[in-house]
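Here are my notes for your first look at this model. Please read them with the structure open beside you.

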Amino acid sequence: MSGFLGTIERLGNMVPHPAIIFFMLIGTVIVLSVIFGALGTSVIYEGYDETVGDIVTQTSAVRSLLSPDGIRFMVTSPVANFLGFTGVGVILVAMIGVGLAEESGLIATLVRKLVAAAPRSIFTFMIVMVGVLSSIAADAGYLVLVPLAAAAFHSMGRHPLAGLAAGFSGVAAVFLVNVFITPVDALLVEVTNDSIRTVNPNAEITVVGNLFFMIASSIVMGIICTVLTERFIEPRLGPYDGGLPVEASTGLTEAEQRGLKYAGRALLVFVVVLGALTAPPAPWGILRNQETGGIMAGSPFMSGLIVLISLLFLIIGYAYGRGAGTIANMTAGIGLVVKTWSNLAGMIFLLFVIANFIAFFNFTNLATVLAVNLANFLQTLPISGITYIVLFVLVVAIIDIILTGALAKWAILAPVFVPLFMRLGGDPDYVLAAYRVGDSPMNVITPLNVYLAVMVGFAQKYQKDAGIGTVVALMLPYTVTLLVVWTLLLVVWYALGLPLGPA
């Protein structure tokens, strides 16, 4: 297996720059759209329409990018595609605060403090589980936890890419489960219930319908990722010899201690203010959902979580810098933010290319046509409940390679598979649970996950020649193992008739 992954890494890193790869993919999509558009390829399916909030009959035909409409789209949309690409804004906004905290020295000091305080025996598991829990904070885990995990492993004399893999696996490969209910869960349940009503108008599932399975999955998959990291990934990587020296494990200096004290005070002020803005009832609770009073679904707090996290790191990073003497004044702090953004130039260009590839691909409807055809194929198979669940997991995993958005896929698949499973006598909660299993593990290897390119950037800090092949070879064992073990867990759960969540 190690030799096989080494071959994948070498072959993957032999390919051109990732931006060139996506330019080639754009060319491939153009050719395929012309071919299938000329053939009149189309599909008719029941899908969830967000604009009307219901299941409606939809038709998707392959559209050629070399048709008059297609050419006009390619000429007029690139700027809008880039500006509308969520990943760009998330990275830039998050790095305002995180970048300042890193450049001021706060992150490095916290890593040393964490390494000194955390028990080594459970350190990897802690990193993975924090990654799993980070899905409640949208994309923050990618930009905060993963580089922190790599730096922490490096400080401990362990291979930093193993830390990157551990953090990335928790954040992305176990993304759709958590020990808490997340905003994504509410959206998935909404689509599921609209699909259920096409069979039984009086039936529905609740947002906690998968809670028991989600909690168990979070813990079990966290353990699996930990074992993979320590027993396979680290031994395969061997000792770190990437050239970045490991800092001597020394105590904190007086300036660093003072910086942490300033940062702690700033953190306390931030928490108090945030608590006032989210505490019920009125006139406080400004960041709560003004209709329901909740703090999770539809609240400004959850919608603005990336901004709040960036603001947190900006405040405590600046406070640390003033206390430790690494930031002289606000002008110097702004200079550190500008320096952070300048380091993102290559990544921003890559995101521009990726954003337009995804937009062009979506314009053609090729992904929708493929997803619907796979779904229709599965419907024709005379299969039992357990076999159905296993095949559904595999179909979701395959589709995730070309259609990464969790909600976008579910909007296409739920109206097909939920009614079908109900007609087989099954519980629709199991279809949603199976979707969680199939969607998550593929996130760490699909090139259409924008954060795969971000991981390459993080890896290159420690290994200059790291490329997409490096990250894919690093994460492939997690994808394969999680798919197998997680599917078996779901099958056993189904076979024993265990409740997926509270009644």
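Predicted model: local features only at pLDDT ≥ 70, side-chain atom pairs only at ≥ 80, totals over all residues.

1. Start with a term. A residue counts as buried when its relative accessible area is under 20%.

2. Now the overall fold. The protein has 22 helices and two strands. Its radius of gyration is 24 Å, close to the 23 Å that the globule rule gives for 503 residues, so the protein is as compact as a globular protein of that length. The C-alpha atoms fill a box of roughly 70 × 55 × 45 Å along the principal axes.

3. Next, packing and surface. Of the 503 residues, 52% are buried. Take the contacts between residues at least 6 apart in sequence: 79% of them join residues at least 24 apart. The accessible surface is about 21900 Å², and carbon and sulfur atoms account for 69% of that.

4. Charges. There are 21 positive and 25 negative side chains. The centres of the two sets lie 11 Å apart.

5. Which rings pair up? The structure holds 16 aromatic pairs. One of them is Phe-73 with Phe-363, stacked at 4.6 Å centre to centre with 15° between the planes. Phe-73 sits in helix H3 and Phe-363 in helix H16, 290 residues apart. Phe-363 is buried, with a relative accessible area of 8%.

6. Back to the two tyrosines. Tyr-240 and Tyr-462 pair edge-to-face, 6.5 Å centre to centre, with 75° between the planes. Tyr-240 lies in the loop between helices H11 and H12, and Tyr-462 in the loop between helices H21 and H22. They are 222 residues apart.

7. Last, a cluster. Ring pairs link Tyr-388, Phe-392, Phe-417, Phe-421, Tyr-430 and Tyr-494.

Key:
Residues numbered from 1 in each chain as written. Heavy atoms only, no water. Helix = DSSP H or I, 4+ residues; strand = E, 2+ residues; numbered from the N terminus. Rg over C-alpha atoms; globule rule 2.2 N^0.38 Å. Buried < 20%, exposed > 50% of the residue type's maximum accessible area, 1.4 Å probe, protein only. Contact = heavy atoms within 4.5 Å. Areas by Shrake-Rupley, 256 points an atom, 1.4 Å probe, with all protein chains shown as cover. Lys, Arg positive; Asp, Glu negative; His and termini not counted. Charge placed at Lys NZ, Arg CZ, Asp CG, Glu CD. Phe/Tyr/Trp six-rings, centres within 6.5 Å; stacked < 30°, edge-to-face > 60°.
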